[in-house]
Amino acid sequence: MIANAPFMPADPTERFTVIFRALQRSVADNGYRLKIHGPLIVLIWNYLARQIARFARIASRPPQSPRIRTRAPKPVEREPATAKPKPPLTLPRGFAWLIRLLPNGPATVVAGAAARADLQLFMEDPIVLELLATHPSLGRILRPLHTMLGLRPPQIIKRPRKPRCEPTGEPKPRPKRPRPERQPDFMAQYKVNPDGSIDFTPEQLRDILGPPPPPVPPWHHPFVPSFDAKKMWRKGPRG
């Protein structure tokens with residue numbers, strides 16, 4: 001096991017430093033080979049360096065009690081919206097973002113799998129668990145590192161839930177939302193026969209086909225003679 005290896009110190013702070021110093025070197029050595037953006041490699045290096053320094057600073061303090069954050073009330077007045085400058089380059093986010101950042105390369109094995117296994121063994125050490133019990137603020141450092149390497153944080157470093165505020169006085173009745181009126185069935189207004197045909201009323205036909213056409217004026221009627229032209233032709237002219 002890595003925890004019993006001669007190069008892995010027993011002190012939690014030194015062991016944390018060894019794990020993430022090796023991760024720094026692996027990302028720096030393999031980042032250029034995998035064509036990762038140079039400033040992003042610098043950001044990862046500086047982020048891990050800050051986490052190492054924070055871990056050492058917090059672990060050297062006397063035991064602390066867990067602190068629950070309270071959200072400050074939002075300001076009512078807001079400044080007018082102005083053109084925001086371009087945001088600076090930041091670290092990626094999401095679960096296992098460092099593993100996904102280095103796909104199909106040697107850094108995935110060296111930087112991701114090795115640091116992930118070392119961190120799992122680090123969190124199982126009884127000395128580390130005792131340190132986390134007396135210094136709960138170390139969870140703020142370890143939680144993003146677990147997410148970065150694709151690990152679920154254990155129960156000891158999970159963020160404590162905020163206590164629920166007990167309701168004071170009688171609860172206010174919640175206003176009921178008006179229900180939308182139910183639309184009638186479209187085919188219910190027609191009489192459908194068993195064979196599938198529909199019997200329309202005159203009013204329904206008028207709504208579907210529209211009003212009847214206007215009457216045709218007399219001068220548009222076809223000419224119909226009032227006498228039989230054939231009989232008159234047979235008789236011939238009188239004389």
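Predicted model: local features only at pLDDT ≥ 70, side-chain atom pairs only at ≥ 80, totals over all residues.

Trainee: How do H1 and H2 cross?

Mentor: Their axes come within 10 Å and cross at roughly 175 degrees. Axes are lines fitted to C-alpha atoms, for helices over the stretch in contact, and angles run from 0 to 180 degrees between N-to-C directions. H1 and H2 are therefore roughly antiparallel (over 145 degrees; under 35 is roughly parallel, 65 to 115 roughly perpendicular, the rest oblique). Helices here are DSSP runs of H or I with at least four residues, numbered from the N terminus.

Trainee: Which residues make that contact?

Mentor: On H1 they include Phe16, Phe20 and Leu23, and on H2 Ile44, Leu48 and Phe55 are among them. Contact means heavy atoms within 4.5 Å. The residues divide into 15 nonpolar, five polar and two charged. Ala, Val, Leu, Ile, Met, Phe, Trp, Tyr, Cys and Pro count as nonpolar, Asp, Glu, Lys and Arg as charged, and the others, Gly among them, as polar.

Trainee: And H1 with H6, what's the angle?

Mentor: About 40 degrees, with the axes of H1 (residues 12-31) and H6 (residues 139-148) 14 Å apart. That makes the two helices oblique to each other. Phe16, Phe20 and Leu23 of H1 meet Ile141, Leu142, Leu145 and Met148 of H6. By class, that is seven nonpolar residues, no polar and no charged.

Trainee: What about H2 and H6, how do their axes cross?

Mentor: At roughly 145 degrees, coming within 10 Å. H2 contributes Tyr47, Leu48, Gln51, Arg54, Phe55 and Ile58, while Arg140, Ile141, Leu142, Pro144, Leu145 and Met148 come from H6. This contact has nine nonpolar residues, one polar and two charged.

Trainee: Changing topic: what lines the second largest pocket?

Mentor: There are 13 lining residues, with Tyr47, Leu91, Pro92, Arg93 and Trp97 nearest the centre. H2 (38-59) and H6 are the elements that give two or more residues to the lining.

Trainee: Which one gives the largest share?

Mentor: H2, with four residues. By class, the lining has seven nonpolar, four polar and two charged residues.

Methods. Residues numbered from 1 in each chain as written. Heavy atoms only, no water. 1 Å grid on protein atoms, 1.4 Å probe; cavity = no way out; pocket = protein on both sides within 12 Å on 5 of 7 lines; lining within 4 Å.
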